[in-house]
Structures are given as C-alpha cells and as structure tokens.
Amino acid sequence: VLVFIMVTVVPKVVEFASNSGVELPFFTLAMVATVKFLIRFWPLIILGIIAVLVLVVMFSRSEPGAKFLSRFWIRLPFIGNLVKNYNQARFARLLGGFYRHGVSVVGSFDILEESLGNRVYKETCKRIKGKLVVGQTLADALEDEEELFPPIMHRLVKGAERTGALGTTLDRLAKYYEDDLEVALKNVTVLIEPMMVILLGIGVVGIALSVIVPIYRVSTGIK
C-alpha cells in the first residue's frame, strides 16, 4: 500500500502543487526523487540485489568464506550469543548421547565435527579431539577453549568426570543452553514486532506529510 501511494499519489500531488507555483518541502522532493530513481532503475536494482545474494552464497560456500562468516556471526553483539548457545547445546546434547551409548572419543568428535554447522566450532572439536587422544581430560580441553565454552561448562564437566556422570551432566547442560536459546529467541520476536510498527509508522507519517503539506500550501495560497 505504501509503495502504491508513493508511486501513484505522491507524484500527482507534487505535479499539482508545482503547477500552482507552490514551493515543495524538502522531504517531498526527496521522496519524489526516490520514487523516480526506483521507477527508472528498478531492473538494475533487482539485478544488483540478485547478484549480491549470489556472491554472498558463493562466498559462504567457499572454505575462506565459511570461516570468515562463522567468526563474524560469533563476534556480533547478541547474535553471537545465540550462535554460541545453539552450538553449545548441540555439542552437549550429542556428546552426552555418545558417552551414554559407549561411542569412542575419536568417533564422537568425528561426528561432532560434521554435525556442528559453525566452522569455528568444527575446528575447536578437532582440537579437543587431539587433546583427548593424547590423554587430556575433556574438562581441561574445554577450559582451553573458554571463548566458545563458558567456565561453568568445564567446571561441571570436571566434576562429572570424577563422579562418572558425564553423560547425565552433558544432557543437563544441553537442556540449560536449549532453554536459554529459546528464551533469547522469544525476546527477539518480542523486540521485532514494535520495531516493525515504528518503522511502518515512520513510513506512513513521511508519506502523509509529503502529500498533506503541498496540498495545505496550495489551499493557503488560493485563499
């Protein structure tokens, strides 16, 4: 609806006001210029968007691109926490199941490397596997990767290794991170709705002013 008004109504109002010799406000001129640009170059704009999307997809599928994007998402504020929570939950859930069913260390981390989508976590699993193979404990290996696995995780794992309840502890950690992720995603949804309403409101007000102000100036000039 907003696009329809911008393309059809606003130009006619501007033409009417211009023919009446009324000076148009800046935001009306800016909107008209934007509409004319979109109408004139829309095929190039669509092709440009498609080209950018194709390049991004190709870049993300390459090895350097996948590594770069994996680090990029992790370092982003808020989104980075979501990525970490997801991978931490998946890591704990899968590893807990492997330990309970007696899967070997090497086999467990080979599967983990394939199961985690983030390249940073894939490489971390590979490093942890190497440390476990030479005799290091899982807790110590996780402690060395504190940027990706929080201190509470390796502390609980250390206690579980001593008591022999590693599978159960990993399941509890997975449940904790899954719940944390669910709450965070709900909060995102709650924040997005008012932001969309605000943006829509700004758009409506902008278009309304672009139409109403010229008409008001014309009616004032006629009086």
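How close do the axes of helix α4 and α5 come, and at what angle do they cross?

1. The axes of α4 (residues 79-100) and α5 come within 10 Å and cross at roughly 150°. Axes here are lines fitted to C-alpha atoms, for helices over the stretch in contact, with angles running from 0 to 180 degrees between N-to-C directions. Helices (H or I, at least four residues) are DSSP runs, numbered from the N terminus.

2. On the basis of the model: it is predicted, local features need pLDDT of at least 70, side-chain atom pairs count only at pLDDT 80 or more, and totals for chains, interfaces and linings use all residues. Residues are numbered from 1 along each chain as its sequence is written, and side-chain values use heavy atoms, with hydrogens and water left out.

3. The angle makes α4 and α5 roughly antiparallel to each other (under 35 degrees counts as roughly parallel, over 145 as roughly antiparallel, 65 to 115 as roughly perpendicular, the rest as oblique). From α4, the contact uses R90, F91, L94, L95, F98 and Y99; from α5, it uses V105, S108, F109, I111, L112 and S115. Contact means heavy atoms within 4.5 Å. By class, this contact has nine nonpolar, two polar and one charged residues (Ala, Val, Leu, Ile, Met, Phe, Trp, Tyr, Cys and Pro count as nonpolar, Asp, Glu, Lys and Arg as charged, and the others, Gly among them, as polar).

4. For helix α2 (residues 26-61) and helix α3 (residues 63-75), the axes come within 4 Å and cross at roughly 95°. The pair is therefore roughly perpendicular. F59, S60 and R61 of α2 meet E63, G65, A66, F68 and L69 of α3. Four nonpolar, two polar and two charged residues make up the contact of α2 with α3.

5. E113 sits in helix α5 (residues 105-115). E113 counts as buried because its relative accessibility is 16% (buried means under 20% relative accessible area, exposed over 50%, partly exposed in between; 1.4 Å probe, protein chains only). Not counting residues up to four places away in sequence, E113 touches K122, C125, K126 and K129. With the side chain of K129, the side chain of E113 makes a polar contact at 3.4 Å (a pair of N or O atoms within 3.5 Å; within protein, one must be able to donate a hydrogen and the other to accept it, and residues adjacent in sequence count only if both atoms are side-chain atoms).

6. K158 belongs to helix α8 (residues 151-163) and, at 31% relative accessibility, counts as partly exposed. Leaving aside neighbours within four places in sequence, K158 is in contact with A139, D140 and E143.

Methods: Helices (H or I, at least four residues) and strands (E, at least two) are DSSP runs, numbered from the N terminus.
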